[in-house]
Amino acid sequence: MSGVNRRQLLRTATAAASGVVAGLGLDTPASAAEGAAEAGCTPPLGPVKAGPDDARYAYLVRRGQKRWVGTPDHVWVAGSTEQVVAAVQEAVDSGKKIAVRSGGHCAEGWVDDPAVRVLIDMSGMTQVSYDPARRAFAVEPGATLGEVYRRLVLGWGVTIPAGWCPGVGAGGHICGGGYGVLSRAMGLVVDHLYAVEVVVVGRDGKASAVVATREASDPNRELWWGHTGGGGGNFGVVTRYWLRTPGAEGSDPGQLLPRAPKSAIAFSSQWPWQALKLDEPKFTRLIRNHMDWCERNSAVGAAATRLYADLTVGRKANDLNLAGGQVFGPDAAELLDDYLAALGAGVGTPLNVTRTEQPWLAAALDGPNSDIYRLKIKSGYLRKGFSDAQLAAVYENLTREQDPKLLFGSVGIASYGGQISAVAPDATAFPHRDAVMRVQYTAAWDDPGQDATYVEWLRRLYREIYAGTGGVPDPKDGAYINYPDDDLADPAVNTSGVPWSTLYFKDNYPRLQKVKATWDPKNIFSHTLGIEPPKATRDGRRRP
């Protein structure tokens, strides 16, 4: 999700509405068969099986987004791969639907669906370590991004280009692509994914753990590929990721992932509606300036790709439009000056400009965590800026309705491209390699009784912005699976005729279906936007 922008905008909107170190000795086993017992240590916890009468149950079913609370028969808190295998097997044997929770940030109610009777909670699996056998860093799915950054930087001086919110769990974030403030300079997290360990269920109904790598000779390679942008909850339960940059040589861990920047400048600047007297020409000029900058500064290797910028424009009632982000490198201050000058051209001097230079790890751990509201999120990618008609739709929707109970309604436009574009769209399951911007549409509120009202507010915004392409993004642009939107799979809402699978996965979807058929043939793992198995033709063959 958006970074400092959303955090600061939410604060302002609320006010308006109310008037570890190296040498840990935790080498990761090379496979599930070489589990914790063989490594000489016991799992950190588990297995825990908590039912509704257990004191832990209420916490475990409320770890997700505020709009949904599940009622599973029980929650497993697993501490090892072997425990996950046992939990999955028990659920399969009893015929109960399974869901998995790592960090708890899913933007839809998949995990808390009433149909889910067994919830596997991965928050007990949090290890981050170096595996010398694979020459790669092992990350368990329950580790938060903040803890991954902390361990990698303090232990080995390296990092991964993952998300800005330090409370997000690695489990779902990585397999959806993994995008953050360093991605323009370093690529997506999945561009550094070497291997994945997954608990799958075979055609015989037996659960087992499988390790799949990116090695061309690996017979399980397609399972690895499915986790490089295919999204979570599709093929099995991820119990471990291994990360190593392609082409990295040698056995020095400090050379196997990108080096963490020494320092970074975190910045924010505001263009309030009232103080700057923003009318439609000035407001749309602000957006156009940002989009033009993104188009000009998204080439692979360009110096400006070390600057991540997110412009979030909010409802007029919230009286704030804000640009924020991070920049690193020896010319960081100059790059930031150039961006802010381009952004303000013809609009006015921004207010409340802040620049905080600090060690990069401190900047990474200072990211936002704002899951205290009820949220609806939509997304889109852009290969070029909004048209005049789209800019007019943004202005109309952000100025038309000023309900004070809607704490936050916004359009956030983040810079993209750079090293992300250096990878072919089919090299990983993540296909959106030619985008230069990623857009997040957000509504936030407190009152559960207003869910339908504010979900519809966001639907209208989205529909009118994309009126020229049937109310959804142009299929050539698409949407981000880590910002899942069940509306795209609802024919009553998505009347465009463009399948949700095309928007999220483009031409990679048929291949993902083949991965699904191979590794989850009984469709044990499913949700609203889940990969669907290929359909059987009359002659018994499979087709997408």
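Q: Which residues is Ser410 in contact with, leaving aside its neighbours within four places in sequence?
A: With those neighbours set aside, Ser410 is in contact with Thr312, Val313, Gly314, Gln440, Tyr441, Thr442, Trp457 and Leu461, where contact means heavy atoms within 4.5 Å. The model is predicted, so that local features need pLDDT of at least 70 and side-chain atom pairs count only at pLDDT 80 or more, while totals for chains, interfaces and linings use all residues. Residues are numbered from 1 along each chain as its sequence is written, and side-chain values use heavy atoms, with hydrogens and water left out.

Q: Why does Ser410 count as buried, and where does Ser410 lie?
A: Buried means under 20% relative accessible area, against over 50% for exposed and partly exposed in between, with a 1.4 Å probe and protein chains only; Ser410 has 2% relative accessibility and therefore counts as buried. Ser410 lies in strand β15, residues 406–415, strands being DSSP runs of E with at least two residues and helices runs of H or I with at least four, numbered from the N terminus.

Q: Why is Trp68 called buried, and what does Trp68 touch?
A: The relative accessible area of Trp68 is 18%, so Trp68 is buried. Trp68 is found in the loop between α2 (57–60) and β2, and, not counting residues up to four places away in sequence, touches Cys106, Ala107, Glu108, Gly109 and Asp112.

Q: What makes a set of residues a nonpolar core, and which members of the largest one touch the most others?
A: A nonpolar core is a set of buried Ala, Val, Leu, Ile, Met, Phe, Trp, Tyr and Cys residues joined through side-chain atoms within 4.5 Å. The largest has 129 residues, of which Phe386 and Tyr441 touch the most other members. Beyond four places in sequence, Phe386 touches Arg288, Met291, Leu391, Val394, Ile413, Val439, Tyr441 and Ile465. Another core, of 18 residues, lies apart from it, with Val88, Ile120, Met122 and Val237 among them.

Q: How does the span of α11 agree with its 13 residues, and what covers its buried residues?
A: The 13 residues of α11 should span 18 Å, and the end C-alpha atoms are 18 Å apart, so the two agree. The buried residues of α11, among them Leu391, Val394 and Leu398, have a cover that includes α8 (280–296), β11 (307–314), β15 and α12.

Q: What makes a space a cavity, and how does the lining of the second largest cavity divide by class?
A: On a 1 Å grid over the protein atoms alone, a cavity is a set of points where a 1.4 Å probe fits but cannot get out, and lining residues have an atom within 4 Å of a point. About 70 Å³ of space lies in the second largest cavity, whose lining includes Tyr149, Trp164, Gln326 and Trp360. Ala, Val, Leu, Ile, Met, Phe, Trp, Tyr, Cys and Pro count as nonpolar, Asp, Glu, Lys and Arg as charged, and the others, Gly among them, as polar; the lining therefore has 9 nonpolar, 2 polar and no charged residues.

Terms used
The expected span of a helix is 1.5 Å times one less than its number of residues. On a 1 Å grid over the protein atoms alone, a cavity is a set of points where a 1.4 Å probe fits but cannot get out, and a pocket is an open set with protein on both sides within 12 Å along at least five of seven lines; lining residues have an atom within 4 Å of a point. Grid points are joined across faces, edges and corners, and a volume is the space filled by probe spheres set on the points.
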